[in-house]
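Subject: Structure handover

Hello,

Please find the structure below. Notes on what was found in it follow.

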Amino acid sequence: MTFNFDSMSPADFEDLTRDLIGRDQSCRFEAFGPGPDGGVDGRHSTSDGVIVLQAKHYRGSGFSGLSRQMRKERATIDQLAAERYILATSVSLTPANKRALADIIGPSLKSSSDILGFEDLNGLLRTYDDVAKSHIKLWLSDTAVLKRVLHSATHNFTTITRADIAAKLKVYAQNPSFSKGRNTLETERILIVSGPPGVGKTTLAEMLCYAYVGEKWDLIALRSLDEDFARIDDSRKQLFFFDDFLGRIALGERALSTQDSDLARFLARVRRTPAARFILTTRAYIYEQARLASEALSDQRLQVASYVLDVGEYTKRIRARIVYNHLTVAGVPTTHVRALLESGTTIEIVDHNNFNPRIVEWMTDAGHVAHVPADQYAEDFIEALDNPERIWDKPFRNHIPRRCRHLLFAL
């Protein structure tokens, strides 16, 4: 398989090259947070000096754009005075291209083999396929994989299109939750993704689903607890997905008690079936309420609690990547982006106590941005985070009892 890197943002490409070249060189490259990088996308210190890695995702600009940028950075490269300088780019390079880049980079480059182009990176990815698998954006955009996602006989998401998948991939900020979720699925065969509204539960679950479909698993999307749970086929690799599995049923004790036993039996069946996996999503407070009301879901023998993954904890770097991806993919006007940067609001957004991907998505939506003047965009963004009624109003009014609402008002 040849990867084209088109679905990766510059920041995603930097992460990939650090992991890939670090594996090839048997070293770990340091990664740095948002901000001017000074020509350093990865750094590895040795007793002999510092190895500097620079990643240039110039697939769309081609060699001419790459060479122009490298000429601008020559002075910075000289100032780094690195023991070894490595350049990785998504641009396809000829031997003549590498010689030209070597002349531009200067004495910091010890060998033209330290310039890795499109073909070089693909060669390394074939050698280190585990690195490729760990970067979901890299391979999930492949045409063959997308066709398997879209045309799976058991795929019931009629609203999902190729464009929808591509759009989600571009804004998705890969984080430790993906690998943790994957590990849980492999060891326990069941994963319940829980968390507050808007933190990305469904997105994480879908990314995991697409990853399994890419590895030729059948995806079966469940829409209600009334569906036939007897569809497990021991002869095939099957992944079951139930989005908002508790929010789709009434949470009264009587309603839940008539359906939870079916779900519990199915969970137990999945645990006994090596070729079955089950991903469920729910809001954390609904899940806790259901466990209190359901004898089956609270059964210690089922060990459901051990499968719960809270995706609400994002590091500062992941938050920054979420904001960056949405601003880039949504096509927010340059005037609005500049207003955020010049006001210093981006740092305030990333550090905000109410940070939520759904608010970021709303504030970068083209339909919303079009009605906000550039000089008010930063203030409007912070206002949305200060008062996140859009996220919590519906759950507050519809998902908790009236006496609980009264108690919250009193508090």
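Buried here means under 20% relative accessible area, exposed means over 50%, and partly exposed is in between (1.4 Å probe, protein chains only). This is a predicted model, in which local features need pLDDT of at least 70 and side-chain atom pairs count only at pLDDT 80 or more, while totals for chains, interfaces and linings use all residues. Residues are numbered from 1 along each chain as its sequence is written, and side-chain values use heavy atoms, with hydrogens and water left out.

Strand S8 spans residues 276–283, and eight of its eight residues are buried. Strands, like helices, are DSSP runs numbered from the N terminus (E, at least two residues; helices are H or I, at least four). On one side of S8 the buried residues are Ala276, Phe278, Leu280 and Thr282; on the other they are Arg277, Ile279, Thr281 and Arg283.

S8 pairs with two strands, where pairing requires at least two DSSP bridges. With S5 (residues 190–195) the pairing is parallel, over six bridges, and Ile192 has Leu280 as its bridge partner in S8. With S7 (residues 238–242) S8 also pairs in the parallel sense, over five bridges; there, Phe240 stands opposite Phe278.

On the cysteines: a search of the whole structure finds zero disulfides, a disulfide being a pair of cysteine sulfur atoms within 2.5 Å. Cys209 has 2% relative accessibility and so counts as buried, whereas Cys404, at 30%, counts as partly exposed.

Helix H21 covers residues 402–410 and includes Leu407.

Regards
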